[in-house]
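Subject: Structure handover

Hi,

Here is the structure I promised. My notes on the sheet follow below it.

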Amino acid sequence: DEYPVIRPSDPPLEVEIEEALGAPFPMLFPRWLPDGARLVKCMMDRAQPPEWVAFSWAIDPGYLHHLDIRQGPAIGEDALRTYEEEFTDGRLKVKVAGRGPGRPQSNAILVGVDEVWAEIYSDLPMEDLMRIARSLEAAS
């Protein structure tokens, strides 16, 4: 068997939602999203097996905000690091990764539910990120 050489510069694969949800690791999916949210892209790591999948939403009208949720074993590895701000919110473990690249108001948090970790990155207010985090449940 030959395996393709994956270079760090290779972009991730754009896949259909069914393929992303079929990744070989436990996954969380939000049960609440802001009004106007529309799924625009699903991406998957090129590694075999993939180390992460990502879902991207536009928040309309007019792509007013963006929301990305990335998860998989690679995110669990990121969650092992210690962050300046970490707290528990009910069943959630939350690590604030801070302001992400891109738009200056973007926030990034790592959220653990039953040892499954997801990274939520968005220019939505932190209160909305926490509401999305609280809505995360096992994808079915």
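Phe55 has Ile69 in strand 5 as its bridge partner. The two strands involved are strand 4 (residues 53-59) and strand 5 (residues 65-71), paired in the antiparallel sense over 7 bridges. Strands here are DSSP runs of E with at least two residues, helices are runs of H or I with at least four, and both are numbered from the N terminus. Two strands count as paired if DSSP finds at least two bridges between them.

This is a predicted model: local features need pLDDT of at least 70, side-chain atom pairs count only at pLDDT 80 or more, and totals for chains, interfaces and linings use all residues. Residues are numbered from 1 along each chain as its sequence is written, and side-chain values use heavy atoms, without hydrogens and water.

The whole sheet is open, with 8 strands in the order 1-3-4-5-9-8-7-6 and antiparallel pairing. Strand 1 (13-15) and strand 6 (85-89) are at the edges with a single partner strand each, so one side of each has no neighbour in the sheet.

Now strand 9. Of its 7 residues, 6 are buried (under 20% relative accessible area; exposed is over 50%, partly exposed in between; 1.4 Å probe, protein chains only). Strand 9 pairs with strand 5 over 5 bridges, antiparallel. There, Leu67 stands opposite Ser122. Strand 8 joins strand 9 through 7 bridges, also antiparallel. Leu110 faces Glu119 of strand 9. Strands 8 and 9 form a hairpin with 2 residues between them. In that turn, Asp114 has a positive phi of about 50 degrees.

Best wishes
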